[in-house]
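Dear colleague,

I am passing the structure on to you with this message, and my notes on it follow below. Please read them with the model open beside you.

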Amino acid sequence: MEQASLEQIYRRDSRRVFATLARLLGNLDLAEDALHEAFIAAAERWPREGVPANPLAWLVSAGRFKAIDQLRRRERFTTWDDELVQRSEPIAADGAEAALPQILEDDPLRLIFTCCHPSLSEEARIALTLREVCGLTTEAIAHACLLTTTTLAQRIVRAKAKIRDARIPYRVPDSEELPARLGSVLRVIYLVFNEGYSASSGDQALRPDLSAEAIRLARLLRELLPEAEVTGLLGLMLLHESRRPARTTAAGDLVPLEEQDRRLWDAKLIAEGCELVQHALRRGRFGPYTLQAAIAAVHAEAPRAQATDWVQIVGLYDALLRLDPSPIVALNRAVAVAMRDGPQAGLELIASLWGHEALANYHLAHAAQADLYRRMGSLKQARAAYEAALQLTEQGAERRYLSRRLAELAAASDVGA
């Protein structure tokens with residue numbers, strides 16, 4: 001087996017293996033150690049013995065045995081360690097490995113519900129899920145949450161300790177508990193999707209593995225609880241995902257929505273997404289995800305950018321802003337108003353939003369302002385706003401896009417001179 005194949009399995013499936021180990025071992029830190037030990041063992045044995053018929057089941061078993069061995073080597077068991085061994089040993093002995101492929105599919109959803117337990121703060125739920133379910137680095141999460149790495153790391157450590165000390169189970173809650181915990185889980189699933197659809201750091205703009213996993217988890221959740229907002233969120237993600245093939249060039253550079261080749265959009269995903277949106281709207285009692293999905297559906301149904309129904313989109317943003325009066329929603333509405341009424345109208349709305357601290361360090365707010373100045377021909381103001389956006393992002397593809405816009409402005413200034 002080539003090393004590249006094992007690396008591919010690690011990138012694609014390591015968090016699923018981790019989720020199952022976390023459930024079996026009941027300890028996130030122990031599961032993380034077991035995961036790495038399992039891949040080390042695979043790197044040593046698979047080249048000699050060949051790849052097992054079910055690599056993921058092999059990794060789970062190897063990791064579990066490594067963890068049990070680690071506990072047994074300790075001079076003294078804690079009560080918790082002894083319980084772990086007693087719970088894990090029968091699984092290893094009764095041939096349950098054959099059932100692991102099905103278990104592996106569901107364990108990430110169980111882990112999300114554990115990470116989103118109501119005893120944890122919302123900030124801790126988000127940070128822990130992005131770290132444990134998605135495998136993002138502490139540095140990347142800190143950047144996305146606008147926190148220092150040290151602060152974020154401490155938040156994750158405290159959350160993991162609370163799960164361990166409170167013996168929070170690794171399971172999907174029953175039907176009575178599920179509705180009360182749904183909002184937090186939906187938010188985290190969408191954050192996972194967004195990290196895959198538009199990565200917060202690194203050189204690549206897209207991480208299809210994360211987006212695909214978020215969609216898979218949303219489908220599982222909809223089977224458990226087919227409420228309007230679950231349906232709306234799934235529709236929203238499918239509609240965004242339909243545009244993935246057109247969002248970047250072959251070189252990995254970003255392509256703005258209005259410049260995308262819509263022939264590359266996935267018609268099958270658009271059809272499914274629009275059907276889900278209609279279903280959610282008919283159900284009633286929908287929320288922000290369904291309205292966002294309805295906005296995405298309007299974009300998806302426009303055959304070309306110039307045919308976009310901006311009147312309808314602004315109306316949907318008006319409704320969304322009533323449900324979710326956040327500065328980000330207000331910013332997106334301002335951009336839609338600019339497309340309906342002209343850039344000056346949008347700039348006036350954005351100017352009224354700068355009092356929100358969340359927008360001052362949000363690179364997309366500066367980029368939106370820059371784009372509207374560019375459309376007006378106000379090149380000096382556009383340049384200043386693009387430079388502000390560039391300073392606030394560490395994402396490679398976004399930095400290249402903003403640098404390209406600045407170069408275009410410089411060239412236009414030279415022509416004007």
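For the helix packing described below, axes are lines fitted to C-alpha atoms, for helices over the stretch in contact, and angles run from 0 to 180 degrees between N-to-C directions. Helices (H or I, at least four residues) and strands (E, at least two) are DSSP runs, numbered from the N terminus.

Before the findings, two remarks on sources. This is a predicted model, in which local features need pLDDT of at least 70 and side-chain atom pairs count only at pLDDT 80 or more, whereas totals for chains, interfaces and linings use all residues. Residues are numbered from 1 along each chain as its sequence is written, and side-chain values use heavy atoms, with hydrogens and water left out.

Overall picture

The chain has 21 helices and zero strands. Of its 417 residues, 49% are buried, where buried means under 20% relative accessible area, exposed means over 50%, and partly exposed lies in between (1.4 Å probe, protein chains only). The accessible surface of the chain is about 19,900 Å², and 51% of that area belongs to carbon and sulfur atoms; such areas come from the Shrake-Rupley method with a 1.4 Å probe, and for residues only the protein chains shown count as cover. Contact means heavy atoms within 4.5 Å, and among contacts between residues at least 6 apart in sequence, 65% join residues at least 24 apart.

Packing around α6 and α9

Helix α6 (residues 122-132) packs on α9 at an angle of about 40 degrees, with the two axes 10 Å apart. The pair α6 and α9 is therefore oblique, given that angles under 35 degrees count as roughly parallel, over 145 as roughly antiparallel, 65 to 115 as roughly perpendicular and the rest as oblique. The crossing of α6 and α9 is right-handed; a crossing is left-handed if the near helix is turned anticlockwise from the far one by less than a right angle, and right-handed if clockwise. From α6, the residues Glu122, Arg125, Ile126, Thr129 and Leu130 meet Ser184, Arg187, Val188, Leu191 and Val192 of α9. By class, this contact of α6 with α9 comprises five nonpolar, two polar and three charged residues, where Ala, Val, Leu, Ile, Met, Phe, Trp, Tyr, Cys and Pro count as nonpolar, Asp, Glu, Lys and Arg as charged, and the others, Gly among them, as polar.

Helix α9 (residues 178-197) also packs with helix α10 (residues 208-224), at an angle of about 160 degrees and with axes 7 Å apart, and α9 and α10 are therefore roughly antiparallel. Here α9 passes α10 in a left-handed crossing. Among the residues of α9 in this contact are Leu182, Leu186, Ile189 and Phe193, while those of α10 include Leu210, Ala214, Leu217 and Leu221. The contact of α9 with α10 has 16 nonpolar residues, two polar and one charged.

On α6 there is a further contact, with α8, where the axes come within 9 Å and cross at roughly 90 degrees, so that α6 and α8 are roughly perpendicular. Glu123, Ala124, Ala127, Leu128, Arg131 and Glu132 of α6 meet Leu152, Arg155, Ile156, Ala159, Lys160 and Ile163 of α8. In this contact of α6 with α8, seven residues are nonpolar, none is polar and five are charged.

Individual residues

Thr138 is found in helix α7 (residues 138-145) and counts as buried, at 18% relative accessibility. Leaving aside neighbours within four places in sequence, Thr138 is in contact with Arg131, Thr149, Leu152 and Ala153.

Arg262, in the loop between α12 (244-247) and α13, is likewise buried, with a relative accessible area of 14%. The C-alpha atoms of Arg262 and Ala300 are separated by 8.8 Å, although the two residues are 38 apart along the chain.

Arg167 has a positive phi of about 55 degrees, lies in the loop between α8 (149-165) and α9, and counts as partly exposed at 41% relative accessibility. Arg285 has a positive phi near 55 degrees, lies in the loop between α13 (267-283) and α14 (288-301), and is exposed, with a relative accessible area of 85%.

With kind regards
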